[in-house]
Amino acid sequence: MSLQMVTISNNIALIQPGFSLMRFDGQVFFFGQKGWPKRACPTGVFHFDIKHNHLKLKPVFFSKDSCYLPPLRYPAICTFKGSFESEKHQYIVHGGKTPNNELSDKIYVISAVCKNNKRVTFRCIEKDLVGDVPEARYGHSIDVVYSRGKSMGVLFGGRSYIPSAQRTTEKWNSLVDCQPHVFLVDFEYGCCTSYILPELQDGLSFHVSIARNDTIYILGGHSLANNIRPANLYRISVDLPLGSPAVSCTVLSGGISVSSAILTQTSNDEFVIVGGYQLEDKKRMVCNIVSLEDNKIEIREMETPDWTPDIKHSKIWFGSNMGNGTVFLGIPGDNKQAISEAFYFYMLKFTEEDGNEDQKTFTNSQTSTEDPGDSTPFEDSEEFCFSAEADSFDGDDEFDTYNEDDEEDESETGYWITCCRTCDVDINTWVPFYSTELNKPAMIYCSHEDGHWVHAQCMDLAERTLIQLSEGSNKYYCNEHVAIARALHTPKRSLPLKKPPLKSLRKKGPGKILTPAKKSFLRRLFD
């Protein structure tokens, strides 16, 4: 076990709680950055590269057939065995927060399709969901179970905003626990089925989940309604016969009270739980070893890492799993100093690097972190150069270093979205346009066909109008589509206008009409 401090090149402020790490072929990749990606790197996904405990950020690319992947905080993420020989595994991403504090209900499948000495190319596909589609949420877990030669995703827990009908200006961002339902998701067809299990009484968020074969273990978590972190331990078993799946839940003893912990795998049958919170303002400084064997689970405390004084005294900490028994941790900087970093970062290693990337067990875990302030607005986006990788590299850099001045043609990735043809908002300068906006120019959703986002500034919308349209379920159509929307509506029937009768005075003689001057003269004469 070793704890090492990591130095950051620059733009460290973009790394904040809620990011996620993915590991492909021994390399670690980061997404969920603070703020929206800039034009210079529209994907917002970066490769972590570490040499001598120094981290650098290097951008990755997405294939042209990829969908847009927004920077999501606190999503549910897990690995999934790919169906193609060239893809060892894929990552499944569900839910999470956008930089606008909106919640996502989408599922993305991310796979590495190309890697050379200059760059890594990913493919991101959005899966269409049908059936009992889980509501938008964050702080939940998604795992994959394997039974009878088939696989299925299992989604549980999380937090969501209160229903739209109950949202007011004062309680717009109020949060509630999601219902304690278990969702099975077929990643091939996108079919979702909800299950109500009597053993699961409370909705839990920021829990720990471990998947092994056809079983998932749920540990700890936080109940927002009761503000408790119960020492729960559930075992959810999923059987996938030819017919309908069978889902059952068993309550086990020996659980632990923890939320927002990080889970890392150290061997085929062993995991380590790191960090988390016991109470709202009390970190959990002990680590636990979780052993799985013969459909049994055992949790025991292990030797405490040699925490630094900064880690011990910090009020919050956060991080994610880097794979191969390595955890990436962050703590707030010292605000007492005149010049202080926003966060300091450490790598905690529980195993020695042996270069063996392949794990011989299909296990997935939720490594969520708890937001220290759910209502805290994100700041304006900046470029950031940051990266971490569990394996040490020898020799020269294999990847281009990310440069803020590199304005590559985004047509290569097909990744950036503009709001309209005449959009004149500088996408490189995310300055709030209205006081109601948190971290980028105010935007509003156009309801035409599949819908799309447009800047309120480009649509000439006043702030008051924007607030009115954001309340309730009012539909809005942008300048380019408002004419189409009007044409689809049947116009209201209106009575014909009554016109005063006009006496046609004609001269003697056929076809002769009096001039206006003569008409006026005759009216005065007869009056």
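Predicted model: local features only at pLDDT ≥ 70, side-chain atom pairs only at ≥ 80, totals over all residues.

User: Why is Cys423 called partly exposed?

Analyst: Buried means under 20% relative accessible area, exposed means over 50%, and partly exposed is in between (1.4 Å probe, protein chains only). Cys423 has 23% relative accessibility, and therefore counts as partly exposed. Cys458, in the loop between strand S32 (452-455) and helix H2 (463-470), has 12% and is therefore buried.

User: What makes Cys419, Cys423, His455 and Cys458 a "binding site"?

Analyst: The label comes from UniProt, in an unreviewed entry; such positions are given in the numbering used here, feature names are shortened, and annotations may be inferred rather than shown by experiment. The four residues span 40 residues in sequence, yet no two of their C-alpha atoms are more than 8.3 Å apart, so they gather at one spot. Contact means heavy atoms within 4.5 Å, and Cys423 touches His455 and Cys458, not counting residues up to four places away in sequence.

User: Which residues does UniProt place in the "binding site" that includes Cys478?

Analyst: The unreviewed entry lists Cys446, His452, Cys478 and His481. They are spread over 36 residues of sequence, but cluster in space, with a largest C-alpha distance of 10.9 Å. Cys478 lies in the loop between H2 and helix H3 (482-488), and His481 is in the loop between H2 and H3. Leaving aside neighbours within four places in sequence, Cys478 is in contact with Cys446, His452, Val454 and Met459, and His481 with Cys446, His448 and His452.

User: Are Cys478 and His481 buried or exposed?

Analyst: Cys478 is buried, at a relative accessible area of 1%. His481, at 16% relative accessibility, also counts as buried.

User: How do you know that Cys191 is too far from the closest cysteine sulfur for a bond?

Analyst: A disulfide is a pair of cysteine sulfur atoms within 2.5 Å. The closest cysteine sulfur to that of Cys191 belongs to Cys192 and is 7.5 Å away, so the pair is too far apart for a bond. The structure holds zero disulfides. Cys191 itself is partly exposed, with a relative accessible area of 39%.

User: What makes the link from Thr264 to Asn321 a polar contact?

Analyst: A polar contact is a pair of N or O atoms within 3.5 Å; within protein, one must be able to donate a hydrogen and the other to accept it, and residues adjacent in sequence count only if both atoms are side-chain atoms. The side chains of Thr264 and Asn321 make such a contact at 2.8 Å. The side chain of Thr264 also reaches the backbone nitrogen of Thr326, at 3.4 Å. Thr264 lies in strand S22 (residues 262-267) and, at 0% relative accessibility, counts as buried.

User: Which residues is Val327 in contact with?

Analyst: Leaving aside neighbours within four places in sequence, its contacts include Thr264, Ile262, Val274 and Phe350. Val327 is found in strand S29 (residues 326-332) and is buried, with a relative accessible area of 0%. Its C-alpha atom is separated by 6.5 Å from that of Lys349, 22 residues apart along the chain.

User: Why are S11 and S12 said to stand at the edges of their sheet?

Analyst: Two strands pair if DSSP finds at least two bridges between them. The open sheet of five strands has the order S11-S17-S16-S13-S12, with mixed pairing. Strand S11 (130-131) and S12 each have a single partner strand, so one side of each is left without a neighbour in the sheet. S12 and S13 pair in the antiparallel sense over seven bridges, and Ile142 stands opposite Leu155 in S13.

User: What phi does Arg148 have, and where is the residue placed?

Analyst: Arg148 has a positive phi of about 55 degrees although it is not a glycine. Arg148 lies in the loop between strand S12 (141-147) and strand S13 (150-156), and its relative accessible area of 60% makes it exposed.

Methods:
Residues numbered from 1 in each chain as written. Heavy atoms only, no water. Helix = DSSP H or I, 4+ residues; strand = E, 2+ residues; numbered from the N terminus.
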